[in-house]
Amino acid sequence: MIGLVSYLVFFLILSLIFGIAVLGLNLQWGFTGLFNAGVAGFIGIGAYTMAILTGPSRDAVFGGFELPFVIGLIGAMVVSGIAALAVGIVTHKLKHEYLAVATFGIAVTIQLVCLNWEYLTGGTLGLIGIPNPTKDLAEGPLAQNALFLCIVISLGLITFIAIENIVKSPWGRMLKAIREDEIASSSLGKDPARIRLEAFVLGCMAMGLSGALYVSFIGYVSPWDFLPILTFQIWTMLIVGGSANNRGALLGALIVWGVWTMSGYVISNVVPSEIQAQGGAMQAILIGLILVVMLLLRPRGLIGEELQVSRHARSLND
Amino acid sequence: MFLQHLADGILSGAIVSLGAIGLSFTMKMLRFANFSHSELLTWGAYAALVFLSFFSTFGGFFDQTIGPFSFGLPLLFAMACACITTSLIAMFLHLYVFDRLSRSAGHMTMVFASFGVALVLRHLVTLIWGSDPIYYSNELQFAILLPGGVRVMPDQVFLFGLTIFTVIFLHLFMTRTRTGIAMRGVAESPSLAQVSGVNVNAIILWVWIIGASGAAMGGVLYGMTIQLRPELGFSLILPLFAAAILGGAGSLYGAVLGGLIVGLSENLSVMIIPTTYKPAVPFLLILLILFIRPDGIFGERKR
């Protein structure tokens, strides 16, 4: 029973951490129509920033400032926001698939930097010994994980409420206006390029937060954690849950991560150990199939965007 | 060293060119960025492996290698069969995924779907053939020494020749045959082509066949000169997009020239930057071209 509970806690922590990244992507794609195919790169930036700021100091590697957890979180969000600002300024002219190709390339480049810039990132070995904030606050792994879950739930909730409020604000309505018709919204005196950039930066900050939480939970960071497949997983979570719906984004994260871990569990028990590589392939095939089948059968996602009618239009009908 | 990098660049560029032709055509004619196109190179390479072992069982005449090359007739037959197999896969994907989505949803949905398709295709290769590198042949080859101290393998000469032959063939196809001319019409304007009596659906199938065959040839040539591995196509995804965007979507010569530029700049870049950052070069090219000329070198400018 304890085993099941601790496993559930572990599972919820990871799916909520990914859920925060999905919320960020939802702000970008769901509400603004920005095709960010470099999600893994921005999660990676957050993760490495956290590792450098809070990790223990070591020879020949930059960082290891042993700063508090909260500073690490803020730092991770700031650095990924700055990175997003730089990327957003360079790519501001690009739309849709060109933006997708460019951001995909950015993620590949970020991963290359993580892999090769040993002074900053520790190279292929990554950075280890990242402190878990719950270590001194609770006894035993289960209590520590439960406490960490509380942290993740509160941060997830803050992100959720923040993004909900953002999209319901006048600024958020502009996002949808730009998504639906850029020319019409610019004819109303809005600046689509600037608003898109702001949404891009905000979304990437959520991804940075997600990466930061990930490393402090796992305790180490390596370049192999931020391969393009992570981007595809986050996208699948958003599509399955329903884009332009924040509850859908979180639901999608739970379901897709659930399918991923459960299929991994089944495969590791059923598939003989000498062909485990093939087992991993089966998991990826499953995610790909879910994405394609979902798009074919229910493109809105499980809970898609709610139809919104202006209050003024409704009063006209009465 | 410069000449050697130049030769290597042209050779790896030729493979990118073959793959980029299909990507460029689908970007223009189907109006979506197909992230799964690179997986067709992988499937082409591995399909040829299966047919190669089939043809090799015939023995006798089929056992001999041709001239200085590491391969014989079986690989050439296998390559043709791989083109057909890959075309069938592409047509299947078109009919059951991309075409349905283009009717029911927007072209961005097709891009998501291509993510999913790419995941499935790539990992199916791992599932079926495993993740270890495989080679078509264990024949040892002697490099040819060209003037200027440039060394190339006979197989690489074949690669280059076949690429030129394919491009000339496609050029003739696009300019001389009714199907090819109709294809250019569809690229310009599908609705205008349709009212002129062009069967747009049939033309789009041709686009997939040409794109998939080019990809299969690129994959086989990659396998022949380097090695087969499940990430073969995936590692080429940025070079392919760079070539297609550089050349301008829908342009045959653009894709070929784009491929060569990508190959050259990747290989020449190692003279300036550390080799480990080589994979980022196509991405920098993409950014550069999108910044300066968002429609590519050969793409028409919007007026």
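**Group meeting: salt bridges and the A–B interface**

B:Arg103 has a relative accessibility of 58%, so this residue counts as exposed. Keep in mind that this is a predicted model. B:Arg103 has a partner. The partner is B:Asp99, and the two form a salt bridge with their closest N and O atoms 2.9 Å apart. B:Asp99 is at 16% relative accessibility, so B:Asp99 counts as buried. Both residues sit in helix H3 of chain B. They are four residues apart, about one turn of the helix.

Next, B:Arg122 and B:Glu39. Their side chains meet in a salt bridge at 3.3 Å, N to O. This pair links distant parts of the chain. B:Arg122 is in helix H4 of chain B, while B:Glu39 is in helix H2, residues 37-56. That puts them 83 residues apart. Buried or exposed? Both are buried.

Now chain A. A:Glu180 and A:Arg179 form a salt bridge, with the closest N and O atoms 2.9 Å apart. A:Glu180 counts as exposed, at 57% relative accessibility. A:Arg179 is at 24%, which counts as partly exposed.

On to the interface. Here 41 residues of chain B are in contact with 40 residues of chain A. The area buried between the two chains is about 3,700 Å². Carbon and sulfur atoms give 84% of that. How many salt bridges cross the interface of chain B and chain A? Zero, by the rule used. For polar contact, the count between the chains is one residue pair, both at pLDDT 80 or more.

Which helices of chain B each supply at least two residues of the side that touches chain A? They are H3 (73-104), H4 (107-129), H9 (237-247) and H11 (281-292). H4(B) gives the largest share, 15 residues. By type, that side of chain B divides into 31 nonpolar, eight polar and two charged residues.

One residue from the chain A side. A:Thr109 lies in helix H4 of chain A, residues 96-116. Leaving aside neighbours within four places in sequence, A:Thr109 is in contact with B:Ala280 and B:Phe283. Its relative accessible area is 17%, so A:Thr109 is buried.

Last, helix H9 of chain A, residues 192-218. At 1.5 Å a residue, its 27 residues should span 39 Å, and the end C-alpha atoms are 39 Å apart, so the two agree. In H9(A), 20 of the 27 residues are buried, so this helix is largely enclosed by the rest of the structure. Just after H9(A) comes A:Gly219, with a positive phi of about 95°.

Terms used: Residues numbered from 1 in each chain as written. Chains lettered and ligands numbered in written order. Predicted model: local features only at pLDDT ≥ 70, side-chain atom pairs only at ≥ 80, totals over all residues. Heavy atoms only, no water. Buried < 20%, exposed > 50% of the residue type's maximum accessible area, 1.4 Å probe, protein only. Contact = heavy atoms within 4.5 Å. Expected span 1.5 Å × (residues − 1). Buried area = accessible area lost by both parts, 1.4 Å probe. Salt bridge = Lys/Arg side-chain N within 4 Å of Asp/Glu carboxyl O. Polar contact = N/O pair within 3.5 Å; in protein donor to acceptor, adjacent residues only side chain to side chain. Nonpolar A, V, L, I, M, F, W, Y, C, P; charged D, E, K, R; others polar.
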